[in-house]
Amino acid sequence: MTQDFVGSPLLLLVLYIWSLIAKGIALWRAAHFKQRNWFIAILVLNTLGVLDLVYLFKFAEKKLTIAEIRSWVGR
């Protein structure tokens, strides 16, 4: 019996965790740099992390860098 990959509970869990992490980082940065409009947009819109990443890498006052992410992971 085959299971449709899109309906997989594991995929949904991974997407949920990904979205939660991206949204948390984006909300923290928007609040920290007092970017109220971005904070509200990120809080209200659920785009599976897409809007969050666009904000973090393109529009944030202090843009997120790959080096900063690596420092969190310890590499």
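Buried means under 20% relative accessible area, exposed over 50%, and partly exposed in between, with a 1.4 Å probe and protein chains only. The model is predicted, so local features need pLDDT of at least 70 and side-chain atom pairs count only at pLDDT 80 or more, while totals for chains, interfaces and linings use all residues. Residues are numbered from 1 along each chain as its sequence is written, and side-chain values use heavy atoms, with hydrogens and water left out.

**Exercise 1. The overall make-up**

Task: State how many helices and strands the protein has, and what share of its residues is buried.

Solution. Step 1: take helices (H or I, at least four residues) and strands (E, at least two) as DSSP runs, numbered from the N terminus. The protein then has 4 helices and 0 strands, and the order of elements from the N terminus is α-α-α-α.
Step 1: of the 75 residues in the protein, 25% are buried.
Step 2: contact means heavy atoms within 4.5 Å. Among contacts with a separation of 6 or more, 50% come from residues 24 or more positions apart.

**Exercise 2. Helix α1 against helix α2**

Task: Describe how α1 and α2 pack, and list the residues that meet.

Solution. Step 1: two packed helices are described by the angle between their axes and the distance between the axes. Axes are lines fitted to C-alpha atoms, for helices over the stretch in contact, and angles run from 0 to 180 degrees between N-to-C directions.
Step 1: for α1 (residues 9–32) and α2 (residues 36–44), the angle is about 160° and the axes are 8 Å apart. This makes α1 roughly antiparallel to α2, given that angles under 35 degrees count as roughly parallel, over 145 as roughly antiparallel, 65 to 115 as roughly perpendicular and the rest as oblique.
Step 2: the crossing of α1 with α2 is left-handed, a term for a near helix turned anticlockwise from the far one by less than a right angle, with right-handed used if clockwise.
Step 3: α1 contributes K23, A26, L27, A30 and A31, which meet W38, F39, I42 and L43 of α2. This contact has 8 nonpolar, no polar and 1 charged residues. Here Ala, Val, Leu, Ile, Met, Phe, Trp, Tyr, Cys and Pro count as nonpolar, Asp, Glu, Lys and Arg as charged, and the others, Gly among them, as polar.

**Exercise 3. Helix α1 against helix α3**

Step 1: α1 passes α3 in a left-handed crossing.
Step 2: W18, S19, A22, K23, I25, A26, R29 and A30 of α1 meet D52, L53, Y55 and L56 of α3. By class there are 8 nonpolar, 1 polar and 3 charged residues in this contact.
Step 3: R29, a residue of α1, is buried because its relative accessibility is 4%. Leaving out residues up to four places away in sequence, R29 touches Y55, L56, K62, K63, L64, E68 and W72.

**Exercise 4. Aromatic pairs**

Task: Find the aromatic pairs and classify each by its ring planes.

Solution. Step 1: rings of Phe, Tyr and Trp (its six-membered ring) pair if their centres lie within 6.5 Å; planes under 30 degrees apart count as stacked, over 60 as edge-to-face and the rest as tilted. The count is 2 aromatic pairs.
Step 1: W38 and Y55 have ring centres 5.0 Å apart and planes at 40°, so this pair is tilted. It joins W38 in α2 to Y55 in α3, 17 residues apart.
Step 2: W38 is partly exposed at 22% relative accessible area, whereas Y55 is buried at 0%.
Step 3: W38 and F59 have ring centres 5.2 Å apart and planes at 25°, so this pair is stacked. W38 in α2 and F59 in α3 are 21 residues apart.
Step 4: F59 is partly exposed, at 44%. W38, Y55 and F59 form one aromatic cluster.
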